[in-house]
Amino acid sequence: MTVSPQTEEYACLAARAADELKATSILALDVSQRLVLSEVFLVLSGSSDRQVRAIVDAVEERLHTAGLKRTRREGYDEAHWVLIDYGDLVVHVLQDEDREYYALDRLWADCPVLDLGISADQAEPQANAESEIAVDTSPDRAAGAYAGGDPGVTDESPADVSGAPANRAASLPLRRDEHAAGEAAVADVVE
């Protein structure tokens with residue numbers, strides 16, 4: 001199955017509405033080969049809960065004007081990750097930090113990217129090295145004591161065939177508060 005022209009047009013309308021409100025990291029993924037219920041995931045980022053809500057409102061208004069009605073919306077009150085479901089089009093609006101943490105771009109990396117006609121600096125995800133903290137899984141660490149530590153997983157856990165760590169959670173970036181909690185847990189284990 002391929003993306004219908006109608007769904008692609010709706011994705012472009014939504015992306016333009018988000019771009020007008022300075023959404024960053026605008027990305028449209030063709031998930032039609034992977035999912036039966038949707039054709040396009042539109043992933044957008046905002047820097048604050050206020051901006052995320054404004055982006056969601058603008059996208060909903062633009063698509064409603066175009067005649068598309070949403071099926072459901074989740075996460076609007078918290079405004080960290082808002083999902084707007086239009087059936088063939090699913091719009092994800094995340095705060096920058098949450099987008100880095102949940103890594104939808106990496107999760108769906110094998111799906112083709114749709115050209116939305118948005119400028120290149122808006123289309124590429126913005127890496128924020130200041131908010132991303134890598135997990136140290138070197139052998140001198142206490143086994144299984146890294147953040148989110150699974151006592152059954154050690155630093156010597158085998159990698160899968162692709163060379164990725166067996167414990168995917170250990171390779172994801174952490175928020176500062178999670179990193180601090182992980183460091184405290186390591187200190188308790190070492191003492």
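Helices and strands are taken here as DSSP runs, of at least four residues (H or I) and at least two residues (E) respectively. In this predicted model, the protein has seven helices and five strands. Along the sequence, these elements follow the pattern α-β-β-α-β-β-β-α-α-α-α-α. Of the 191 residues, 41% are buried. Among contacts with a separation of 6 or more, 63% join residues 24 or more positions apart.

Helix α2 spans residues 49-65. Its 17 residues reach 24 Å from the first C-alpha to the last, close to the 24 Å expected at 1.5 Å a residue. The buried residues of α2 are Gln-51, Val-52, Ile-55, Val-56, Ala-58, Val-59, Glu-60 and Leu-63. An α-helix has 3.6 residues a turn, so residues three or four places apart point the same way. The cover over the buried residues of α2 includes helix α1 (5-20). It also includes the strands β2 (40-46), β3 (72-74), β4 (81-85) and β5 (89-95). Just after α2, Gly-67 adopts a positive phi of about 100°.

The packing of α1 on α2 was examined next. The two helices meet at an angle of about 140°, and their axes lie 8 Å apart. Angles over 145 degrees would count as roughly antiparallel; α1 and α2 are therefore oblique to each other. The crossing of α1 past α2 is right-handed. On the α1 side, the contact is made by Tyr-10, Leu-13, Ala-14, Arg-16, Ala-17, Ala-18 and Glu-20. On the α2 side, Ile-55, Ala-58, Val-59, Arg-62 and Leu-63 take part. By class, the contact has nine nonpolar, no polar and three charged residues.

Technical notes
Residues numbered from 1 in each chain as written. Predicted model: local features only at pLDDT ≥ 70, side-chain atom pairs only at ≥ 80, totals over all residues. Heavy atoms only, no water. Expected span 1.5 Å × (residues − 1). Buried < 20%, exposed > 50% of the residue type's maximum accessible area, 1.4 Å probe, protein only. Contact = heavy atoms within 4.5 Å. Axes fitted to C-alpha atoms, helices over the stretch in contact; angles between N-to-C directions. Parallel < 35°, antiparallel > 145°, perpendicular 65-115°, else oblique. Left-handed = near helix turned anticlockwise from the far one by under 90°. Nonpolar A, V, L, I, M, F, W, Y, C, P; charged D, E, K, R; others polar.
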